[in-house]
Amino acid sequence: MNFAKILIFSIAIAIIFFGCQAEKKSPILDEVITKQNISQLPGKISSDKSFTREEIDLFATSLGRMVINKDTVIGKTVAQVMDIERELMRNNSMANLASSLARFEILQNHKFKYIGMIPKDDAAEPMDIIVYELTNTSNKEIKNIAGSLQFRNPLNQSVIKVYNLNTSDLLKDQTIKPNETKKFAYPFKHDNANVRDSIMRISKNLHALWTPATIEYSDGSVIKLPEETK
């Protein structure tokens, strides 16, 4: 047998050996949890080197969550308890992914510019007019962009006021065409007894943070951030 064949044979043996080592699983994973053995599990897991640190963390996290939710672990195997946590983690990751992709898509399809706030006290009741511009950067007509405009103190980033903007209230039956920019003046009631309303009129250096939540197109399609689950 020449050197090349010996080398190939050695590599094959090594792959099989390390593959078997990698696939080795702790027998504790298949152990059914009972009232009698649950207190013995920490000692068993500690002495079983094939029970990995990642599995220990996963098992502990799942147990803690199930106890808080008053779910029973009795009658389940250690692996089943861990699988519950894996599924929850996957669902949470998918929810975060969906939210990130929707937020990215919304931001890619419009531009928001805060112009300023205009006090209006000559009407039946005082009003604060939020003026802003929206630019449609998509290839479809937009009939609504909804979201929240948050104002923060630049020194400590504390939230002073949040205004919910639903642009369809102002657009009515109109749309924002592709590459078109429109200016809007959204009226909000001003409460003279509200300190935050007073700060909004007095302060000139508040940070305005636009957080879009929904874009609706004239063709009926909608991009919407998933609602947070409680």
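**View 1. Proline 119 has aspartate 128 of strand 2 as its bridge partner.** The model shown is predicted. Strand 2 covers residues 127-136 and is joined to strand 1 by 10 bridges. These two strands run antiparallel.

**View 2. Three strands form an open sheet in the order 1-2-5.** The pairing is antiparallel. Strand 1 (110-120) and strand 5 (181-189) are the edge strands, and each pairs on one side only. From one strand to the next, the twist averages 20 degrees. In general, strands of a sheet pair through backbone hydrogen bonds, either parallel or antiparallel.

**View 3. Helix 6 lies across strand 1, strand 2 and strand 5.** The helix spans residues 195-202. Helix 6 runs at about 105 degrees to strand 1.

**View 4. The largest nonpolar core has 25 residues.** Those with the most contacts inside this core are Ile130, Tyr132, Phe151, Tyr163, Leu165 and Met200. Two or more residues come from each of helix 4 (78-108), strand 2, strand 3 (142-152), strand 4 (159-166), strand 5 and strand 6 (207-217). Strand 3 gives the most, with 4 residues.

**View 5. Tyrosine 132 and its contacts, leaving aside neighbours within four places in sequence.** Its partners include Phe112, Lys113, Tyr114 and Ile115. Leu165, Thr167 and Leu170 are also in contact with tyrosine 132.

How values were computed. Residues are numbered from 1 along each chain as its sequence is written. This is a predicted model: local features need pLDDT of at least 70, side-chain atom pairs count only at pLDDT 80 or more; totals for chains, interfaces and linings use all residues. Side-chain values use heavy atoms; hydrogens and water are left out. Two strands pair if DSSP finds at least two bridges between them. Axes are lines fitted to C-alpha atoms, for helices over the stretch in contact, and angles run from 0 to 180 degrees between N-to-C directions. Contact means heavy atoms within 4.5 Å. A nonpolar core is a set of buried Ala, Val, Leu, Ile, Met, Phe, Trp, Tyr and Cys residues joined through side-chain atoms within 4.5 Å. Buried means under 20% relative accessible area, exposed over 50%, partly exposed in between (1.4 Å probe, protein chains only).
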